[in-house]
Amino acid sequence: MKMPNKILLLFFVLIMISCNHTPQNKAAQTALNFYKAMYSLKLTEAKQYCTPEATKLVDFIASNIKETDFIKLKEAGDPEISVVESNINPGDSTATVKLKVSNYIQLNLLTGKSTIEKEKEDEVDLVKINDKWLVDLHK
C-alpha cells in the first residue's frame, strides 16, 4: 500500500475510534456496565459505577440477597441487557439512559421471594463527576 493510502486509512480509523468515545456513548456504557453487574448480582463490581450515595443503596441490596437468589440466577442464565436510548442533558453534567433488560432476577426484599422475569425497560440517571459518568440512584 502506498504511503498516502496508509495515511488516509489511519485517518479514517482514528475518526471511527474517536466517534465511539462521545460523552453519550460513555454514559450509556457506564449504565450498561452497572446494569450487567447488578442483574448478575455482582454488587461489588456494580458499586464502581455509582456515586458515593448510590453505593449505600447497593450495599443495602447486597445485605438482603440470599443464597437462593444466586441459585435462581444460575438456573436462569445470564440476563440480557441493551441500551435503548441515551440522552445527555444540554449544558448539564447529567444523563438518562433507557435500557432493555431480559431474563432478569426480580428481588423482592419484603417477602424474600425472588422471581425470574422475562423483560422490562428501565431508565437510569447518571451524573458526570471528575470527567467520569456515574450512576445516580437518587430517585
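This is a chat about the predicted model of one protein.

Trainee: Before I dig in, what kind of model is this, and how are residues numbered?

Mentor: This is a predicted model, in which local features need pLDDT of at least 70 and side-chain atom pairs count only at pLDDT 80 or more, while totals for chains, interfaces and linings use all residues. Residues are numbered from 1 along each chain as its sequence is written, and side-chain values use heavy atoms, with hydrogens and water left out.

Trainee: Great. How many helices and strands does the protein have?

Mentor: There are 5 helices and 4 strands, and along the sequence they run α-α-α-α-α-β-β-β-β. Helices (H or I, at least four residues) and strands (E, at least two) are DSSP runs, numbered from the N terminus.

Trainee: What percentage of the residues count as buried?

Mentor: Of the 139 residues, 29% do. Buried means under 20% relative accessible area, exposed means over 50%, and partly exposed is in between, using a 1.4 Å probe and protein chains only.

Trainee: Changing topic: how many aromatic pairs turn up in the whole structure?

Mentor: The search finds 3 aromatic pairs. One of them is F34 with Y35: the ring centres are 5.8 Å apart and the planes sit at 70 degrees, so this pair is edge-to-face. As for cut-offs, rings of Phe, Tyr and Trp (its six-membered ring) pair if their centres lie within 6.5 Å; planes under 30 degrees apart count as stacked, over 60 as edge-to-face and the rest as tilted.

Trainee: Nice. Which residues form a nonpolar patch on the surface?

Mentor: L57, F60 and L109 do, with about 250 Å² of accessible area together. Patches are made of residues with over 30% relative accessible area and no salt bridge; like charges are joined within 9 Å, and nonpolar side chains (Val, Leu, Ile, Met, Phe, Trp, Tyr) within 5 Å. F60 is in helix α4 (residues 52-63) and counts as partly exposed at 46% relative accessibility.

Trainee: You mentioned salt bridges, so how many are there?

Mentor: The whole structure has 4 salt bridges, each a side-chain nitrogen of Lys or Arg within 4 Å of a carboxyl oxygen of Asp or Glu. Among them is D59 with K47, at 2.8 Å from N to O. That pair links distant parts of the chain, with D59 in helix α4 and K47 in helix α3, 12 residues apart.

Trainee: What about K100, which partner does it meet?

Mentor: K100 meets E119 in a salt bridge at 3.5 Å, N to O. Here E119 is in strand β3 and K100 in strand β2, 19 residues apart. K100 is partly exposed, with a relative accessible area of 30%.

Trainee: Last one: which residues other than glycine have a positive phi?

Mentor: L41, near 60 degrees, is one of them, and N103, at about 55 degrees, is another. For background, most residues other than glycine have a negative phi. L41 lies in the loop between α2 and α3 (43-47) and is buried, with a relative accessible area of 7%. N103 is found in strand β2 and is partly exposed, with a relative accessible area of 24%.

Notes
Accessible areas come from the Shrake-Rupley method with a 1.4 Å probe; for residues, only the protein chains shown count as cover.
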